[in-house]
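Here is a short report on one protein model.

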Amino acid sequence: MSERPILGISMGDPFGNGPEITVRALADQKIYDRCRPLVVGDVSSMAYALKVARKVDGTDLVLNPVSRVEDAKFTYGTVDVLDMGLVPAERIPDTSDKDRPEPFGVGACALGGEAAFTYVKKVIEMAMAGEIDATVTNALSKEAINMAGHHYSGHTEIYAHYTGTDKYTMMLAHEGLRVVHVSTHVSLREACDRVKKARVLECIRIADEGCRALGIRKPKIGVAGLNPHCGENGMFGREEIEEIQPAIDQALSEGICIPEKKPTPPDTVFSKALGGWYDIVVVMYHDQGHIPLKVKGFVYNKEESHWEAVAGINVTLGLPIIRASVDHGTGFGHAGNGHANELSLVNAMDYAITLANHKKK
């Protein structure tokens with residue numbers, strides 16, 4: 001049992017859905033059979049989330065506040081929380097005594113941004129020091145962390161800064177569909193300008209290494225084009241000819257498996273990936289990869305007006321430490337109502353466990 005990897009789970013924005021989905025995820029005993037989870041956050045927020053879970057699901061868990069990893073119990077029924085002491089209990093709107101819990105109604109604020117940023121920075125420091133085996137992040141608000149004076153466009157950039165990493169990329173995954181991005185949080189106009197041979201090749205290499213870290217011995221990689229129909233031989237743009245194809249040719253010469261040996265039109269590459277043609281797809285910009293993943297992983301029940309599933313995960317590849325994350329936002333409008341969906345967090349923990357175990361081997 002001592003070989004179970006220790007996962008440091010950042011709680012996310014204290015006024016978002018992170019505390020709730022963390023409680024819901026850790027209410028499953030199977031999680032403790034596979035890992036040793038440690039929440040990095042605030043006991044005040046986790047206590048409220050536990051109160052909501054008890055009211056909605058009858059969840060029977062207790063909190064164990066700790067100040068260091070060695071004090072954690074790592075046993076089912078007890079949620080170990082490395083308490084950062086940033087959010088006073090009186091700042092948590094207590095709606096749990098009503099017949100039906102209602103959302104917090106707090107939204108993005110500097111306190112939430114400062115807290116969420118501090119949790120992330122702490123799990124990074126712990127992983128870099130070897131105190132934990134992998135990190136898992138709940139959602140934070142980019143607006144809130146910037147309100148708190150931390151000018152990053154997201155988790156990925158925070159991790160890159162505090163690990164001193166220059167070459168990295170975001171991988172999204174849901175079941176057998178995986179994508180990595182040439183660019184993410186930039187304007188679409190700038191994203192087109194960033195499609196350069198060096199960066200495309202870098203992402204192909206990272207995609208290959210990332211799949212191998214998951215235990216895929218000979219990854220098959222699809223490379224999406226940027227333009228409609230991959231530019232139609234230059235009629236709709238020349239990026240495929242001048243930047244993407246040279247990167248593919250170099251990758252092929254290094255022994256990386258790209259079955260089609262050329263860019264694949266963006267309107268068919270994901271159907272092929274779902275059909276098993278590729279283990280991972282290199283996409284050229286944020287929404288080119290995010291939209292198909294979320295169409296597949298996010299399922300909304302319009303008759304009952306709630307999300308049946310919010311699945312899919314985000315992994316930052318190229319870092320010296322393991323980072324997996326939920327692939328959804330803070331859900332400020334719903335936080336506190338007891339219906340947050342934990343599936344994406346469970347999926348992220350699964351990926352973190354797999355990566356940690358493979359790294360140990």
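## Cysteines

The sulfur of Cys230 lies 14 Å from the closest cysteine sulfur, which belongs to Cys192, and that is too far for a bond. Cys230 is buried, at 14% relative accessible area. Buried means under 20% relative accessible area, exposed means over 50%, and partly exposed is in between (1.4 Å probe, protein chains only).

Cys211 is buried too, with a relative accessible area of 0%. Its closest cysteine sulfur is in Cys257, 11 Å away, again too far for a bond. A disulfide is a covalent bond between the sulfur atoms of two cysteines. Here the test is a pair of cysteine sulfur atoms within 2.5 Å. Searching the whole structure gives zero disulfides.

## About the model

This is a predicted model: local features need pLDDT of at least 70, side-chain atom pairs count only at pLDDT 80 or more, and totals for chains, interfaces and linings use all residues. Residues are numbered from 1 along each chain as its sequence is written, and side-chain values use heavy atoms, leaving out hydrogens and water.

## Aromatic rings

How many aromatic pairs does the structure hold? There are five aromatic pairs. Rings of Phe, Tyr and Trp (its six-membered ring) pair if their centres lie within 6.5 Å; planes under 30 degrees apart are stacked, over 60 edge-to-face, and the rest tilted. Phe117 and Tyr162 have ring centres 6.1 Å apart and planes at 65°, so this pair is edge-to-face. Phe117 sits in helix H4 (residues 110-128) and Tyr162 in helix H6 (residues 155-163), so the pair ties together parts 45 residues apart in sequence. Helices (H or I, at least four residues) and strands (E, at least two) are DSSP runs, numbered from the N terminus. Phe117 is buried, at 4% relative accessibility. Tyr162 is partly exposed, at 30%.

Tyr162 also pairs with Tyr152: the ring centres are 6.5 Å apart and the planes at 40°, so the pair is tilted. Tyr152 lies in the loop between helix H5 (142-147) and H6, while Tyr162 is in helix H6, so this pair ties together parts ten residues apart in sequence. Tyr152 counts as buried, at 18% relative accessibility. Phe117, Tyr152 and Tyr162 form one aromatic cluster.

## Charges

Arg36 lies over the face of Phe74, 5.8 Å from the ring centre. The charged end of Arg323 sits over the ring of Tyr159, 5.4 Å from its centre. A charge sits over a ring if NZ of Lys or CZ of Arg is within 6 Å of the ring centre and within 35 degrees of the ring normal.

Asp42 is in the loop between strand E2 (36-41) and helix H3 (43-57). Asp42 is buried yet has no salt bridge. A salt bridge needs a side-chain nitrogen of Lys or Arg within 4 Å of a carboxyl oxygen of Asp or Glu. Lys and Arg count as positive, Asp and Glu as negative; His and the chain ends are not counted.

## A residue in strand E2

Leu38 lies in strand E2. It is buried, with a relative accessible area of 0%. Leaving aside neighbours within four places in sequence, its contacts (heavy atoms within 4.5 Å) include Leu7, Ile9, Phe74 and Met126.
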